[in-house]
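Please keep the sequence and the structure in view while reading.

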Amino acid sequence: MDQGIGTAGVDDTAADGRRVVLFDFDGVIVRHQTLELFFRERLAGLGRWRLLLALPVVPLVPLLIGSAGGNRFLGRLFLRVVTVGRREATYRRLVTAFGRTYARRPGVFCRDAVAALRRHVDDGDRVIIVTGNDGHLVGAILDEVNLTGYELAASRTRGGPFGVHFVQHNVDGMKVRALEKAGVARPWAIAYGDSLSDVPMLKAAEAARLVNPTPKTAKKAGRLLGDRLQVLHWY
């Protein structure tokens with residue numbers, strides 16, 4: 001499997017003059033960290049034995065999950081844990097089925113975000129969803145609700161002898177580098193994010209929008225982004 005900036009919908013041609021509007025996915029368009037939910041599902045029931053593969057790290061999870069670097073490490077670790085012994089095709093089938101089921105749950109989409117995305121599309125903006133999530137999962141979720149008009153810059157994954165792994169993980173500053181590599185030139189008009197890990201992307205935009213942050217996150221982001229930042233309380 002190899003899905004992401006080169007194959008998940010971002011056009012690498014020259015700029016076409018449209019405003020570029022960027023959306024994070026988890027925590028902005030949907031309310032949950034969906035890849036984490038997929039991991040939890042695969043580690044429940046008969047899949048609990050897989051936790052033994054990560055046993056040395058389990059006591060450290062509460063400490064690691066509080067930082068961007070820790071979350072990045074845990075994402076890479078548990079992607080391998082839940083896919084050890086599985087073929088790429090099996091992983092893709094499972095994650096796609098999970099995404100479609102998730103999308104049918106009530107209340108998982110942030111309706112204000114979906115409305116904003118559709119408004120930008122209707123206005124003729126070039127809308128790109130930029131996410132550290134696996135493109136197969138994100139695509140399945142959005143396809144299930146027929147959300148169209150966007151391009152997708154997602155993390156790329158590939159199978160191997162020790163499970164599926166990220167070959168490009170679009171988190172933190174990698175979001176900016178992935179867009180530049182794809183030929184999406186700055187300045188970007190607007191960027192929507194939900195956490196401090198989105199700050200590099202928000203900094204590179206003319207207008208930064210932070211969606212439903214905690215007061216602590218909003219304060220820190222305000223110091224980093226200044227007057228460009230607008231905090232949005234979306235439902």
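In this predicted model, the crossing of helices H4 and H6 is right-handed. The axes of H4 and H6 come within 8 Å and cross at roughly 35°. On the H4 side, the contact is formed by Arg-92, Val-95, Thr-96, Phe-98, Gly-99, Arg-100, Tyr-102 and Ala-103. These residues meet His-136, Leu-137, Ala-140, Ile-141, Asp-143 and Glu-144 of H6. Sorted by class, the contact of H4 with H6 contains seven nonpolar, three polar and four charged residues.

Helix H4 (residues 88-103) also packs against helix H1 (residues 34-42), with axes that come within 11 Å and cross at roughly 115°. H1 is therefore roughly perpendicular to H4. The crossing of H1 and H4 is right-handed. From H1, the residues in contact are Thr-34, Leu-35, Leu-37, Phe-38, Glu-41 and Arg-42, while H4 contributes Tyr-91, Leu-94, Val-95, Phe-98 and Tyr-102. In the contact of H1 with H4, eight residues are nonpolar, one is polar and two are charged.

**The sheet**

How many strands form the open sheet, and in what order? There are seven, arranged as E4-E3-E2-E1-E5-E6-E7, and their pairing is mixed. Strand E4 (165-168) and strand E7 (229-232) are the edge strands, each of which pairs on one side only. On average, neighbouring strands of this sheet are turned by 25° against each other, direction ignored.

| Strand pair | Sense | Bridges |
|---|---|---|
| E1 (residues 20-23) and E2 (residues 126-134) | parallel | four |
| E1 and E5 | parallel | three |
| E5 and E6 (residues 205-211) | parallel | five |

Individual residues can be followed across these strands. Leu-22 stands opposite Ile-128 in E2, and the bridge partner of Leu-22 in E5 is Ala-191. Ala-191, in turn, stands opposite Ala-208 in E6.

**Helices on the sheet**

Which strands does helix H5 lie across? Helix H5 (residues 111-122) lies across E1, E2 and strand E5 (188-193), and runs at about 160° to E1. Helix H6 (residues 135-144) packs on the sheet as well, where it touches E2 and strand E3 (150-158). The direction of H6 makes about 125° with that of E2.

**Strand E5 and Tyr-192**

Is strand E5 largely enclosed or open? Six of the six residues of E5 are buried, so this strand is largely enclosed by the rest of the structure. Tyr-192 is found in strand E5. Its relative accessibility is 5%, and because buried means under 20%, Tyr-192 counts as buried.

Which residues does Tyr-192 touch, apart from those up to four places away in sequence? They are Val-21, Leu-22, Phe-23, Asp-24, Val-28, His-120, Met-201, Leu-202, Arg-209, Leu-232 and Trp-234. Among them is Leu-22, the residue whose bridge partner in E5 is Ala-191.

Methods
Residues are numbered from 1 along each chain as its sequence is written. This is a predicted model: local features need pLDDT of at least 70, side-chain atom pairs count only at pLDDT 80 or more; totals for chains, interfaces and linings use all residues. Side-chain values use heavy atoms; hydrogens and water are left out. Two strands pair if DSSP finds at least two bridges between them. Helices (H or I, at least four residues) and strands (E, at least two) are DSSP runs, numbered from the N terminus. Axes are lines fitted to C-alpha atoms, for helices over the stretch in contact, and angles run from 0 to 180 degrees between N-to-C directions. Contact means heavy atoms within 4.5 Å. Angles under 35 degrees count as roughly parallel, over 145 as roughly antiparallel, 65 to 115 as roughly perpendicular and the rest as oblique. A crossing is left-handed if the near helix is turned anticlockwise from the far one by less than a right angle, and right-handed if clockwise. Ala, Val, Leu, Ile, Met, Phe, Trp, Tyr, Cys and Pro count as nonpolar, Asp, Glu, Lys and Arg as charged, and the others, Gly among them, as polar. Buried means under 20% relative accessible area, exposed over 50%, partly exposed in between (1.4 Å probe, protein chains only).
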